[in-house]
Amino acid sequence: MLKRRGRERMTILTAVRHSNYTSYVHLKRDYLNVDEIVELRLQESRLAAALLGAEHRCMNAVDAHLRFRPADQWRLDTLDRLHAAAGAYTDSLPSTAFVDELSDALLHECERLDPDEIWFPIGLGSHIDHRATRSACIRMLPELLRRRPGLKFSAYEDLPYASVENAAYSARRHAGAIVTAFATHGTSVVVDAEPIDDVIETKMRVVSVFASQFKRSVMAPKLIQCARADGTRQLTERFYRFEGTLHLPRESMLSPDAESLTSLRRAATDLLRRSAVVRRIVVVLLPNSHIGNWREDKALLHKFFPQASLHVHVPENCAWEVDDAENSRMQLTVIPPGLAGILQVARREALRLGTPTLLISWGAYGGGNRLKQAILKRAFPFRPVILVRTLTDLCAVLAEEAAPIAPRRPDGWLLRS
């Protein structure tokens with residue numbers, strides 16, 4: 001954008017308007033007023049757009065934190081527990097319904113803007129909103145292309161947000177996996193790079209405008225590291241050109257945990273085949289883990305398993321995450337923390353053979369935890385056991401496997417009037 005500044009019409013379209021997130025959350029500051037934060041973030045976006053020679057426009061979507069819990073529940077005295085639990089949700093897979101509605105809204109905005117070229121995030125990292133925006137853009141592009149033949153479109157990397165290169169997560173490795181996932185579905189993605197040595201200082205100034213999200217002193221070294229990831233001294237930005245017919249892979253195939261989610265897809269498919277006869281589902285929240293977005297997840301489980309009651313076992317410090325204990329189709333049991341709680345549930349369920357059992361564990365994915373995973377599954381024998389990071393992940397995969405009958409939310413779920 002810096003290299004095109006002043007030569008072309010450019011518009012920056014922000015999908016999310018309503019948010020209470022700033023970096024002050026990590027410092028436990030009492031700065032959670034949605035109206036104030038929305039205005040601050042809009043001012044930052046307008047200034048950054050002006051520096052880039054662009055116009056800024058903002059849609060009306062609600063961010064992950066406020067979808068997890070409404071604004072009035074975010075207070076200084078609840079911040080620690082909400083931030084930790086919301087973090088598990090924001091690292092989960094976006095649902096089909098969420099992507100569908102965002103896609104419809106994006107198509108409407110793009111028709112109004114009448115663009116010649118579109119750039120969208122490639123969806124690096126694990127944040128649910130970044131991944132949903134990527135998939136929503138790709139989902140609406142075929143219709144936009146039908147109406148505007150010749151429209152160009154490319155994807156940029158989600159930096160500095162996803163500028164991580166370590167053993168646990170590599171932005172470059174994840175980008176490569178995304179390219180491969182599209183290729184296996186018949187969509188060619190060409191990786192290209194643009195030298196940015198001559199505009200890097202200006203880029204840093206633009207990035208520093210977003211001080212409510214991150215400080216330049218933290219992000220500048222990460223941006224330089226990513227720009228030099230090819231091992232040369234030249235600074236570049238990578239981008240991705242989509243060619244041929246557009247086919248959007250399943251969301252789980254585009255995840256940084258795609259390899260681990262392969263077995264989850266198989267387990268979800270097997271469970272869906274029994275949906276009409278399942279009468280009881282057990283959910284166990286393991287230590288140092290979080291449910292996800294319980295209200296949405298519960299509704300989807302009831303939808304996919306209409307005859308089943310939910311028996312949910314959680315440690316006392318997480319019981320608030322399951323906040324509708326009066327639900328007639330759900331029974332909540334508070335269990336002791338740690339191993340004692342797991343053994344208590346195992347004893348209670350020992351004679352209920354064949355009951356699908358969902359174990360929610362933050363360490364559910366990755367080969368390094370295979371021994372622990374095997375031990376946990378053996379504690380619940382003679383039944384299908386699904387080990388998953390959050391219930392939100394499982395429900396997203398269930399919706400993928402149940403397509404095209406996956407339930408859609410009513411109008412207004414994502415957007416505010």
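User: Which residues have the most contacts inside the largest nonpolar core?
Analyst: In this predicted model, a nonpolar core is a set of buried Ala, Val, Leu, Ile, Met, Phe, Trp, Tyr and Cys residues joined through side-chain atoms within 4.5 Å, where buried means under 20% relative accessible area with a 1.4 Å probe and protein chains only. The largest such core has 50 residues, and its largest share, 8 residues, comes from helix 13 (residues 391–402). Inside this core, the residues with the most contacts are Phe 305 and Leu 391.

User: What does Leu 391 touch, leaving out residues up to four places away in sequence?
Analyst: A contact means heavy atoms within 4.5 Å. On that basis, and not counting residues up to four places away in sequence, Leu 391 touches Ile 291, Trp 294, Asp 297, Leu 301, Leu 358 and Ile 360.

User: How many residues does the second, separate core have?
Analyst: The second core is separate and includes Leu 124, Leu 151, Phe 242 and Leu 254. In soluble globular proteins, nonpolar side chains tend to be buried together. The number of residues in this second core is 36.

User: What is the radius of gyration of the protein?
Analyst: The protein has 13 helices and 11 strands, which are DSSP runs (H or I of at least four residues for helices, E of at least two for strands) numbered from the N terminus. The globule rule, 2.2 Å times the number of residues to the power 0.38, gives 22 Å for 417 residues, and the protein comes close to this value, so it is as compact as a globular protein of that length. Taken over C-alpha atoms, the radius of gyration is 22 Å.

User: Is Asn 288 buried or exposed?
Analyst: Asn 288 lies in the loop between strand 7 (280–285) and helix 10 (294–304), and has a positive phi of about 60° although it is not a glycine. Exposed means over 50% relative accessible area, and with a value of 74%, Asn 288 is exposed.

User: Where is Phe 382 found?
Analyst: Phe 382, which is not a glycine, also has a positive phi of about 60°, and at 66% relative accessibility it counts as exposed. Phe 382 is found in the loop between helix 12 (370–378) and strand 11 (385–388).

Residues are numbered from 1 along each chain as its sequence is written. In this predicted model, local features need pLDDT of at least 70 and side-chain atom pairs count only at pLDDT 80 or more, while totals for chains, interfaces and linings use all residues, and side-chain values use heavy atoms, with hydrogens and water left out.
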